[in-house]
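Trainee: I've got a model open on my screen and I'd like to learn how to read it. Can you walk me through it, feature by feature?

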Amino acid sequence: SDAEMLYARCKGCHGADGSKPQDGHVIQGMSVEQLEETLLGYKNGTYGGKKKAIMMGQMSRLSEAQIKSLAAYIAEF
Ligand code: HEM
């Protein structure tokens, strides 16, 4: 799927199943609402911890529709 291809660039840091911690954050088990809120927040500059620059760079290249599709995909892990 489109989301599966988009997730390829996240795997190295978050793990194939989202279980690999990144600075204390584990994305496996997050709800679709939490995923959309955090990912869109990185894109819009309204969310993030001390390593947010990494995620802002990741999200700046994606459309809102692509981010929502990624959120739905990750919520199924
Ligand atoms: C945080 C997803 C790519 C490193 C997060 C969070 C999500 C996420 C949902 C928020 C977790 C939370 O606040 O509980 C993704 C997705 C990616 C991606 C969908 C691909 C499109 C990457 C890559 C790296 C990375 C490539 C490493 C180079 C981090 C770090 C944080 C984080 C360090 C914590 C940032 C902070 O301090 O706010 N990621 N990620 N992520 N991710 Fe990613």
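**Reading the helices, core and ligand shell**

Mentor: Let's start with a helix pair in this predicted model: H3 and H4 pack with their axes 8 Å apart, at an angle of about 90 degrees.

Trainee: Why give those two values, and what do I call an arrangement with that angle?

Mentor: In general, a pair of packed helices is described by the angle between the axes and the distance between them. Angles from 65 to 115 degrees count as roughly perpendicular, so H3 is roughly perpendicular to H4.

Trainee: Which residues make the contact?

Mentor: From H3 you have Leu 39, Tyr 42 and Lys 43, and from H4 there are Lys 52, Met 55, Met 56, Met 59 and Ser 60. Sorted by class, the contact of H3 with H4 has five nonpolar residues, two charged and one polar. Take Met 59 as a case: leaving out residues up to four places away in sequence, Met 59 touches Leu 39, Tyr 42, Lys 43 and Ile 67.

Trainee: Now the core. Which residues make up the largest nonpolar core?

Mentor: The general idea is that nonpolar side chains tend to be buried together in soluble globular proteins. Here the largest nonpolar core has ten residues: Ile 27, Leu 35, Leu 39, Tyr 42, Met 55, Met 59, Ile 67, Leu 70, Ala 71 and Ile 74. Helices H3 (32–44), H4 (52–60) and H5 (64–74) each supply at least two residues of this core, and H5 gives the most, with four.

Trainee: What about Leu 6: buried, exposed or partly exposed?

Mentor: Count C-beta neighbours. Leu 6 has 15 of them inside 10 Å, so Leu 6 counts as partly exposed; buried would need 20 or more. Leu 6 lies in helix H1, residues 2–7. Leaving out residues up to four places away in sequence, Leu 6 touches Gln 66 and Leu 70. Look at Ala 71 too: Leu 6 and Ala 71 are 65 residues apart along the chain, and their C-alpha atoms are separated by 11 Å.

Trainee: Last one, the ligand. How many residues surround the ligand, and which are the closest?

Mentor: There are 21 residues around the ligand, and the closest are Cys 10, Cys 13, Gln 22, Gly 49 and Lys 51. Helix H2 (11–14), H3 and H4 are the elements that give two or more residues to this shell. H4 gives the most, with four residues.

Trainee: And how do the shell residues divide by class?

Mentor: The shell around the ligand has eight polar, eight nonpolar and five charged residues.

Terms used:
Residues are numbered from 1 along each chain as its sequence is written. This is a predicted model: local features need pLDDT of at least 70, side-chain atom pairs count only at pLDDT 80 or more; totals for chains, interfaces and linings use all residues. A nonpolar core is a set of buried Ala, Val, Leu, Ile, Met, Phe, Trp, Tyr and Cys residues joined through C-beta atoms within 7 Å. A residue is buried if 20 or more other C-beta atoms lie within 10 Å of its own, exposed if 12 or fewer, and partly exposed in between; C-beta atoms are placed from the backbone. Two residues are in contact if their C-beta atoms, placed from the backbone, lie within 7 Å. A residue is near a molecule or strand if its C-beta atom, placed from the backbone, lies within 6 Å of it. Ala, Val, Leu, Ile, Met, Phe, Trp, Tyr, Cys and Pro count as nonpolar, Asp, Glu, Lys and Arg as charged, and the others, Gly among them, as polar. Axes are lines fitted to C-alpha atoms, for helices over the stretch in contact, and angles run from 0 to 180 degrees between N-to-C directions. Angles under 35 degrees count as roughly parallel, over 145 as roughly antiparallel, 65 to 115 as roughly perpendicular and the rest as oblique.
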